[in-house]
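Good morning, and thank you for coming.

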Amino acid sequence: MSEPFLIGDMMTGGYGRGPDILHECTISVNPGEIAVIVGPNGAGKSTAMKAIFGMLNFRSGTVRLAGEDITALSPQDRVIKGMGFVPQVRNIFPSMTVEENLEMGAFIRKDDIRETMEQVYHLFPILKDKRRQAAGELSGGQRQQVAVGRALMTKPKVLMLDEPTAGVSPIVMDELFDRIIEVSRTGIPILMVEQNARQALEIADRGYVLVQGRNAHTGTGKELLNDAEVRRSFLGG
Amino acid sequence: MDFLNGLVVLANFVLIPATSYGAQLALGALGVTLIYGILRFSNFAHGDTMAFGTTITILLTWSFQSMGISFGPLPTALLALPFGILATGLLLVGTDRAVYRFYRRKKAAPVILVIVSVGVMFIMNGIVRFIIGVGDQNFADGERFIISARDFKEMTGLAEGFALRTTQVLTIVVAVIVVAVLFWFLNKTRTGKSMRAFSDNEDLALLSGINPERVVMVTWFIVAGLATVAGVLYGLDKSFKPFTYFQLLLPIFASAVVGGLGNPLGAIAGGFVVAFSEVTVTYAWKKVLTYWLPDSLAPDGLVQLMSTDYKFAVSFAILIIVLLFKPTGLFKGQSV
């Protein structure tokens, strides 16, 4: 099998000097794919994603983007390398307008950003209507769209979403998932952490079930949904 | 006629002075609020920053005067002002490099930075007194009045005079220009927007590739500009004395808190609220009321709610009331 586009390979480590949270955990994603990390509470899902984004101290393991070892880079440098990250909370600039949020997303770019902004507005039409409104005044689902749009403004080569549907209603969740599929159709590989395992696995090309910081099950979304053990232990039958 | 006379007295002793004082406080409070929003601490050295900027401007004004350079009817201090701002900016950035940056890197709690700023305040306090002494300095020159009380009486035939001093009008005009430029900068330029982004959500700003050290440096220079302009305008309008500037800290903080710390619009509104409260509470209303009320109701006493010596009590009371009942201020700011 050829090298995946983005891979966190055999990652072991924890926050600061704390105990290890991840144990030889491997997660990867390829262009056009949606990879989803699911697992019970405290399994290290968000931690695994933060590890790939450089917010964790590694004891061993590497992170490679398009074959290049980026394990030593800071999160800021990884953004420049083409990684877009949407944190779970505090992921927008609340007092700034939607349009300003998108502009700030493109802060590192020196070229014309209008085309990318149009693409984002095309993906999230509601943002175009609300572009002069302060992002903090929007609904939860709309704020998540701003957050994803902000990350897309750098024209990332890979997009990482930390629980994009946390705290939104089921209807909004479905809509967000639709939008995420649409983003993925533009060819950007998407890696996301999800609480809503069943829905997430339904749209996943690749699923990772983590238990206590280790890879417990790996497969396509369908395989995992049909896997008797995954269903029993974790999806609730 | 009585009504008009009363109005003239009110404008002369309350409206105009309070407006120019309010503009000075607003400029001061803008500086405090910017530091709070971006560097996340209350800067107690702000009053003495104003004093430092004014000191440099005064020294340059004197040397300009001795060289025979003047600004026609306007005060020479306006010519010296840009140099004063530059010197203050260098002092603030230097202080940041030497002191604040150390604590920022250690991610010190805001309360520690507040205490650090108290230390900086004492040092700046000393520097200013060292350079210019503790006494009163008068450095206003140029045309003193736009309308003098006697001209006004002759023009209108009213019994009461109305004087409009150059410095009062200058204060308001300069404040309007400075605020307009500041808001344009914060809302329209890339650097200004990155400062607001940094103030809104520091972590996300870092993720977006905004350079924190640059934001901090630009902030200090803007604060230097606001503080020096506020200090020079106050000094022209009244007079310059280091201790008075130290005392200005209280009404300035009251203004920033009333408006909502971290909110620039709030700082401006707060400045005027505090200035008008201070002036109206300490003003003797006898004359105005004598004109406006029927003779039978004319007051015997001065109708002064508080002696002017207590004017700081007004800002203090406002500060406490706001903190008790609306800690985030009139406009949406951060709570302290």
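Predicted model: local features only at pLDDT ≥ 70, side-chain atom pairs only at ≥ 80, totals over all residues.

Ala35(A) stands opposite Arg206(A), a residue of strand S9(A). The two strands concerned are S3 (residues 34-38) and S9 (residues 206-211) of chain A, which pair in the parallel sense over four bridges. Strands are said to pair if DSSP finds at least two bridges between them. Strands (E, at least two residues) and helices (H or I, at least four) are DSSP runs, numbered from the N terminus.

Residues are numbered from 1 along each chain as its sequence is written, and chains are lettered from A and ligands numbered from 1 in the order in which they are written.

In chain A, six strands form an open sheet of mixed pairing, in the order S6-S7-S8-S3-S9-S10. Which are the edge strands? They are S6 (83-86) and S10 (214-219) of chain A, each of which pairs on one side only. Neighbouring strands of the sheet are turned by 15° against each other on average, direction ignored.

Helices pack on this sheet. H6(A) touches S6 and S7 (158-162) of chain A, and its direction makes about 165° with that of S6(A). H7(A) lies across S3, S7 and S8 (190-193) of chain A, running at about 155° to S8(A). Axes here are lines fitted to C-alpha atoms, for helices over the stretch in contact, and angles run from 0 to 180 degrees between N-to-C directions.

How do the two helices meet? H6 (residues 140-152) and H7 (residues 170-185) of chain A pack at an angle of about 20°, with their axes 10 Å apart. H6(A) is therefore roughly parallel to H7(A), a term for angles under 35 degrees. From H6(A), Gly140(A), Gly141(A), Gln144(A) and Gln145(A) meet Val172(A), Glu175(A), Leu176(A) and Arg179(A) in H7(A); residues are in contact if their C-beta atoms, placed from the backbone, lie within 7 Å.

Finally, the second chain. In chain B, 13 residues are in contact with 17 residues of chain A. On the side of chain B that touches chain A, helices H7 (190-200) and H8 (202-207) of chain B each supply at least two residues. H7(B) gives the most to that side, with five residues.

Notes:
Parallel < 35°, antiparallel > 145°, perpendicular 65-115°, else oblique. Contact = placed C-beta atoms within 7 Å.
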